[in-house]
Amino acid sequence: MDNFVAIDFETANYVRSSVCSIGLVFVQDGEIVDERYSLIKPYPNYYLSGNTSIHGLTREDTCDAPTFEEVWEQFEPLVRNLPFVAHNAPFDRSCLIAAHQAYDLYYPNYQFFCTLQASRRKLRGLIPNHQLHTVAAFCGFDLEKHHNALADAEACAHIALKLL
């Protein structure tokens, strides 16, 4: 796969529309050509301590952030008709769908590919687990800021270039 957008969301709570950050990494002709990151005011706007303990974001970090609708208005034209790639794509796809629904936005049924599934198929028995940082390391990428949406999307892009 040579042309795609690697995507990662972090959420504020268990509600999938509560995206509080997004990372996008654009790959064209097998090369990373652009990246975008934004904090997002989550909907609903509350944080669970368990989520914060994973990604470190709090209500104070996103109180002045744009809404998903405002962020997506900027990012959507960049995505065009490119497929998305995510590590555990069902999660990120469900966040994207839920955020679109929360803001009553048209969802064009984006195509998703999953590096977690690809890892389980192609690296079975070669690595101890299929977590993002483990697979990224196997693929030659050092994921230093795990659970930062942009860093995770970049790791996913590197994995996709090796496995998809």
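Let me start with what H87 touches. Leaving aside residues up to four places away in sequence, the list is D92, T115, L116, H130, Q131, L132, V135, C156 and I159. This is a predicted model, so please take every distance I quote as coming from a prediction.

Where does H87 sit? It is in the loop between β4, residues 84-86, and α4, residues 89-102. Buried or exposed? H87 is buried, because its relative accessible area is 14% and the cut-off for buried is under 20%.

Two of the residues on the contact list come up again when we look at polar atoms. The side chain of H87 makes a polar contact with the side chain of T115, at 2.7 Å. For L116 the backbone is involved: its nitrogen lies 3.4 Å from a polar atom of the H87 side chain.

Now the chain as a whole. There are seven helices and five strands, and the order along the sequence is β-β-β-α-α-α-β-α-β-α-α-α. The radius of gyration is 15 Å, which agrees with the value near 15 Å for a compact globule of 164 residues. Along the principal axes, the C-alpha atoms fill a box of roughly 40 × 35 × 25 Å.

Of the 164 residues, 48% count as buried.

Last, the surface and the charges. The chain exposes about 8,400 Å², with carbon and sulfur atoms supplying 47% of that. There are 12 positive and 20 negative charges, and their mean positions are 9 Å apart.

Notes:
Residues numbered from 1 in each chain as written. Predicted model: local features only at pLDDT ≥ 70, side-chain atom pairs only at ≥ 80, totals over all residues. Heavy atoms only, no water. Helix = DSSP H or I, 4+ residues; strand = E, 2+ residues; numbered from the N terminus. Rg over C-alpha atoms; globule rule 2.2 N^0.38 Å. Buried < 20%, exposed > 50% of the residue type's maximum accessible area, 1.4 Å probe, protein only. Areas by Shrake-Rupley, 256 points an atom, 1.4 Å probe, with all protein chains shown as cover. Lys, Arg positive; Asp, Glu negative; His and termini not counted. Charge placed at Lys NZ, Arg CZ, Asp CG, Glu CD. Polar contact = N/O pair within 3.5 Å; in protein donor to acceptor, adjacent residues only side chain to side chain. Contact = heavy atoms within 4.5 Å.
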